[in-house]
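Notebook open, model loaded. I'm jotting down what I looked up, in the order I went.

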Amino acid sequence: MKPKRGVLHFWHKVMILLVTSFLCLTIALGFAVWHSLQESSREMGKKSRAILSNQTEAFIEKLVRGQAATLDVQFRQAMAAAGYGAIFITEQLGHHRLTEIELDNLLPFLYNRVSHCAGVYFVSSSGELHQYPEPAQAEKSARSIHFHSDILPDIENLPPDSDIIWSRVHRNPLSPIYDQVIDAAAPVHQGDNFIGYVGVSLSLSRLMAQFNQHQPIRGSYSFLMDTRRQLIAGPPHAKIDLSPTPSFEPREVMDLSSVDDPGLDRVLQGMVLGESAIREAMVKGDAKYFAYHPLNAIPWRIGLVIPVKMATAAAIQLVEVLENGARQTLIRMFYWSAGLLAASLIAGILLAREITAPVEELSRTTEKIAAGDFSARAKVRSRDEMADLANAFNAMADRIQSMIADLSRVNEELNRKNRALKESESRYRSLSENSPDIIFTLDGDHSVCYINPAFEKILGHQRSSALGKDFAKLLKPEDHTRSRVLFERVFQKGEILRDAEISLIHKDGSARLFTLSAASEADANGSTAGLVGICKDVTDTRRLEKQLQQALKMKAVGVLAGGMAHDFNNLLAGILGNVSLMLLDTPETHPYHRRLKNIEDFVQSGSSLTRQLLGFARGGKYEVKPADMNELVKKSVEMFGRTRKEMTIHQHFDEHLKCADVDAGQMEQVLLNLFLNAWQAMPGGGDMTVETRNVILPSEYVAPYGLGPGAYVKISVSDTGIGMDRETQQRIFEPFFTTKEMSRGTGLGLASAYGIIKNHEGIINVYSEKGKGSIFNLYLPVSSRKPEEKPRDMPAMEPGTGTLLLVDDEEMILEVGRQMLVKLGYEVLTARGGKEALQLFRNHQEKIDLVILDMIMPDLGGEAAFEEMKVMDPKVRVLLSSGYSINGQAAKIMEKGCSGFIQKPFTMNQLSGKLKEVMNRARKKDATNS
């Protein structure tokens, strides 16, 4: 008899079909019912909430408008009463003198016409006060004082057609309890003479209490605010969300111009703008409705604050009812589905019990083999497909048992090799993990497979953020293509890459420069499997190299510029001196007088050029004093902005900016150069922003500049111009480098600014992008001193008396200087050089009042000559004169007791003023010592 085959196949299909069909039908039906109920309940909840929310907002709007209308009525009553009283008194004064009986009848009448009236009064121009209700005598005097101090000085803005004035909000001095009031007062005139005021005190406390005692929604309250964001009145005993403290009982007018919550700030701003609206905002963690409406009688706003929870309680309860109903329906549906599913499972189990028995036998045998019992075999007694499967399974188990023995021997050999490999990997990982340089590996797609901890320390990124990412994504965009070309040479040609420069992006967005070395990594078959690379950070090294190169350039050109400036100043001194002498003898009506003045102006412009040369040569500080940098910057901006109407200048100054020790003239020159640079970068107009603030610079920021950490004053000048590329930024502070046309720039502006800032022990840097404008930042050390008081302006030119010794190695300077001093009334001795000056001083020491001494002379320098004169006369007065600045050698002479310094070239007025300053200071010192 043939075995029955295909039984398992047939019943297996039947069971799977029945159970699967039933389960799919049940799940689909349940999902459809669940989805329908969920959508229905959600839609009903939304509609219910929207309907109730609209009704609530309409109710709130009606409520706040009603309160505003009530307040307007009260204020207009007070205004009308004050105006009526003023008219009545004016009419009475037109016929005869106003009697106290008439006032006693008028004031109660006015008092009864105004609801919530705290009192009415008439105060005459002489201070006499009539009040109703009538207070005690002592309080009457206090009321008069209150009237003059609180009402007369403070008048609110009113419509042009009103003659009523409002006092500021104040406490009623005649009330035994706290009462916050505002007074409406009307002036009384008899003809053109002012007689006094009729005033009506309106109780704000009672008005607001009337609203806040009958709020229809629990937790809500009303308040008053003016257009300056002052809290005028509110509930007397409540936690007011508008106050900066958790609990506040308003006893005075409170400033709300600065609040902690951004949501509340936007609401208060809307009230100031005069809107009438309802807004929802989060205030101190709670959602609130803010309804507000402007008043007509006085420029105030009334606000109504209602907790959203209380206003929307009905909508929330309705939604909860709907959701609970849907939830109960879903639970019932779940029970029915579970019951049907259990019945189908029981039927399937009974149906498949006989069919699955052989499968269970095979499963048990498989578990034994998996547990290590390779002698286990399946025993199936049926004569169908399952018996064939069991025989095949047993044959497979025999082959597996034979293979296990072979695998055991192979596994032992693999374990030995793995141990050796782990030891090698441990050494490599220790080297990589502790390396100060970034070590990484890439696969054939240039994706990062490994990167060491130095990546986090140098660039600030987490290592996990780089793993699996294309290495090019870690570089600056302009290095993407170049890096791929370099890596492909390593992958395809097996080249070893050494010290290629690339830029990696730091976490803060900046780029750091690295040298990249890389080699290919081979697999077990010798094929290229990946790449190993090392990135060495050379950012600070390159920065120091560039700064050294810049310093060497500046030093080399500075020597030349300093000598040129000195000689040029001596030449200008001769020209300016001769022009000043000619101007003294040339009346203003002479046709050459104007030309001589032009020459004088041109010489002054030439002197400005020498200041630029000395500035960029870092030798140009003339007079260093503590200065108010805000004042200096504002002055420079105003001067520059007068002639630059095509650009908009924005100013942001730190009110508490500290002082810095600077040469004010040179700092103005730096700022002017930066302003001109910004203006020229915006040929079609644009925005220039000037900002000052105090900063603290850490050591890692200032170390590359050779400066110490600490407090600095920061000045920023930014523009919205054409910007600069990276190459231009690297050369912008070089002398004679310019991007302008040949006739439009010398290339000294930013170079001199660089030299001046460096000479002030400060920092100047620039950030710019093409098409996005530029930002120049100046950092100056904070001064420990306070700015000196501005000296009074010296007279244009004052004659003097006494004998002066003029010392210079230039014959032209001696001749012109002698004539200028003689014109000023002095007796003059001249010496050509330091040795001749010492001989003259020795012979005429008693009669010489002051020595004007040049600093650079071939035979004997100014410093040596001054020291010899000090030996002969410790009280010698010396005015140092030089074409160089006061910085450097001149500063040393000044520290040794020199009386003053004057920069060549100088005019008659400047020379006269400096001589008077030095002589007066010396006389005061002598008088003090005597």
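I count two strands as paired if DSSP finds at least two bridges between them. Helices (H or I, at least four residues) and strands (E, at least two) are DSSP runs, numbered from the N terminus. This is a predicted model, so I noted the terms: local features need pLDDT of at least 70, side-chain atom pairs count only at pLDDT 80 or more, and totals for chains, interfaces and linings use all residues. Residues are numbered from 1 along each chain as its sequence is written, and side-chain values use heavy atoms, with hydrogens and water left out.

Entry 1: I looked up an open sheet of five strands, and its order is 14-13-17-16-15 with antiparallel pairing. Strand 14 (448-451) and strand 15 (497-505) are the edge strands, each pairing on one side only. From one strand to the next, the twist averages 30 degrees. I then checked strand 15 against strand 16 (residues 511-522): seven bridges, antiparallel. Leu497 has Ala518 in strand 16 as its bridge partner.

Next I asked what lies across strand 13 (438-442), strand 15, strand 16 and strand 17 (528-537). Helix 10 (residues 480-493) does, running at about 145 degrees to strand 15. For contact I use heavy atoms within 4.5 Å. Axes are lines fitted to C-alpha atoms, for helices over the stretch in contact, and angles run from 0 to 180 degrees between N-to-C directions.

Entry 2: Strand 22 (residues 710-719) and strand 24 (residues 773-781) run antiparallel and are joined by eight bridges. I found Lys714 opposite Tyr779 in strand 24.

Entry 3: Glu761 sits in the loop between helix 17 and strand 23 and has a positive phi of about 55 degrees, though it is not a glycine. Is Glu761 buried or exposed? Exposed: its relative accessible area is 54%. My cut-offs are under 20% relative accessible area for buried, over 50% for exposed, and partly exposed in between (1.4 Å probe, protein chains only).

Arg229, also not a glycine, has a positive phi of about 60 degrees. I placed Arg229 in the loop between strand 7 (221-226) and strand 8 (230-233). At 9% relative accessibility, Arg229 counts as buried.

I also noted a cis peptide bond from Tyr132 to Pro133, with omega near 0 degrees. Pro133 is in the loop between strand 2 (129-132) and helix 3 (137-151).

**Entry 4: whole chain.** The protein chain has 22 helices and 29 strands, and 43% of its 930 residues are buried.
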